Amino acid sequence: MKNRLKVLRAERDWSQQTLAEKLNVSRQSVNAIETGRYDPSLPLAFRIADLFELPIEAIFLRDTES
Amino acid sequence: MARPIQPLQPDPVGQVTTEAPGRPGLFRRPSTWGASIFLAFGLILLLRITDAIDATTGFILMVAAMTLMFPLVKTALARQKAQGYLSPAITRYNRRFLLASFGYVLGLGLAVTINDRVALSDGETILIALLPIIPVFGMIWTMARYIVEEEDEYLRHRAIMASLTGLGLVLTFGTFWGFLETFEVVPHIWAWWVFPAWAIGMGISQCWLAFRDRTGGRS
């Protein structure tokens with residue numbers, strides 16, 4: 001699943017480590033999600049959405065979307 | 001002289017932000033202590049096979065070599081902390097596994113020593129065999145508890161994938177070897193090898209996944 005996590009993070013000038021600390025997860029988790037190697041669970045996806053104050057579908061995109 | 005660990009580099013959008021430019025000193029690297037343990041065990045095994053040392057000396061040396069686990073765990077935890085995240089579940093896992101490993105070396109040494117020197121009944125032999133078996137059960141329980149206790153879902157996912165890789169290796173190799181053994185092509189292998197074989201498969205998988213995380217690659 002594609003996502004806009006890297007772009008959203010860059011807009012806020014956050015490092016992966018900063019985002020990981022805000023989400024209370026490991027930096028490896030952020031890296032794996034950003035690169036599309038791991039799709040987060042629904043609870044974590046909601047936490048990410050809450051942090052960026054965006055709906056989930058504005059962060060995580062269907063594979064058919066560009 | 002050991003160089004200090006460099007601070008994390010500010011890289012707001014980089015794929016990997018934890019690769020510090022400076023490497024820690026030789027004695028602060030987990031790889032140094034891991035290699036030392038393998039070398040020490042290899043050397044003791046060689047001395048024992050060539051009958052340069054007796055079983056008791058070999059046992060004492062093995063216990064001594066096991067103390068290298070302390071700096072290995074300490075440097076590994078320090079490295080994880082320097083990389084920005086140290087899961088409480090990993091800390092508990094390391095402490096439990098270290099205890100179980102010591103229990104295993106002590107239990108195995110005692111069991112072999114007693115079995116070699118004392119004539120035991122079948123029942124007594126089973127009890128003696130439990131000395132190394134119980135710590136191995138402790139290791140398996142420790143691994144299971146880690147998966148239960150790890151709150152970071154990606155690290156938990158990684159551990160589960162590594163466990164399945166180890167299981168796949170054991171099933172594949174065990175089936176392959178078992179049939180060759182049935183047709184008397186290869187010698188017999190004791191069944192307790194399943195645990196080390198599983199752990200090796202798990203370790204290889206964890207190394208690969210950690211490498212992929214460091215490089216930010218996609219499988």
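A salt bridge is counted here when a side-chain nitrogen of Lys or Arg lies within 4 Å of a carboxyl oxygen of Asp or Glu. By that criterion B:Arg48 and B:Asp51 form one, with their closest N and O atoms 3.6 Å apart. The structure is a predicted model, in which local features need pLDDT of at least 70 and side-chain atom pairs count only at pLDDT 80 or more, while totals for chains, interfaces and linings use all residues. Residues are numbered from 1 along each chain as its sequence is written, chains are lettered from A and ligands numbered from 1 in the order in which they are written, and side-chain values use heavy atoms, with hydrogens and water left out.

- Over all chains, the structure holds eight salt bridges.

**A salt bridge between chains**
- A:Arg37 and B:Asp213 meet through their side chains in a salt bridge of 2.7 Å, N to O.
- A:Arg37 sits in the loop between α3 (27–34) and α4 (42–52) of chain A and B:Asp213 in helix α7 (residues 194–215) of chain B, so this pair joins two chains.
- Helices (H or I, at least four residues) and strands (E, at least two) are DSSP runs, numbered from the N terminus.
- A:Arg37 is buried, with 13% relative accessibility, and B:Asp213 is also buried, with 2%.

- The side chains of B:Glu149 and B:Arg92 form a salt bridge of 2.8 Å, N to O.
- B:Glu149 belongs to helix α5 and B:Arg92 to helix α4 (residues 88–117) of chain B, so the pair ties together parts that are 57 residues apart in sequence.
- B:Glu149 is buried at 15% relative accessible area, whereas B:Arg92 is partly exposed at 27%.
- B:Arg92, B:Arg96, B:Arg145 and B:Glu149 are joined into one network by salt bridges that share partners.

**A nonpolar surface patch in chain B**
- B:Ile126, B:Leu127, B:Leu130, B:Ile133, B:Ile134, B:Phe137 and B:Ile140 make up a nonpolar surface patch with about 650 Å² of accessible area together.
- Patches take residues with over 30% relative accessible area and no salt bridge, joining like charges within 9 Å and nonpolar side chains (Val, Leu, Ile, Met, Phe, Trp, Tyr) within 5 Å.
- Accessible areas come from the Shrake-Rupley method with a 1.4 Å probe, and for residues only the protein chains shown count as cover.
- B:Ile134 lies in helix α5 (residues 122–149) of chain B and is exposed, at 54% relative accessible area.

Conventions: Buried means under 20% relative accessible area, exposed over 50%, partly exposed in between (1.4 Å probe, protein chains only).
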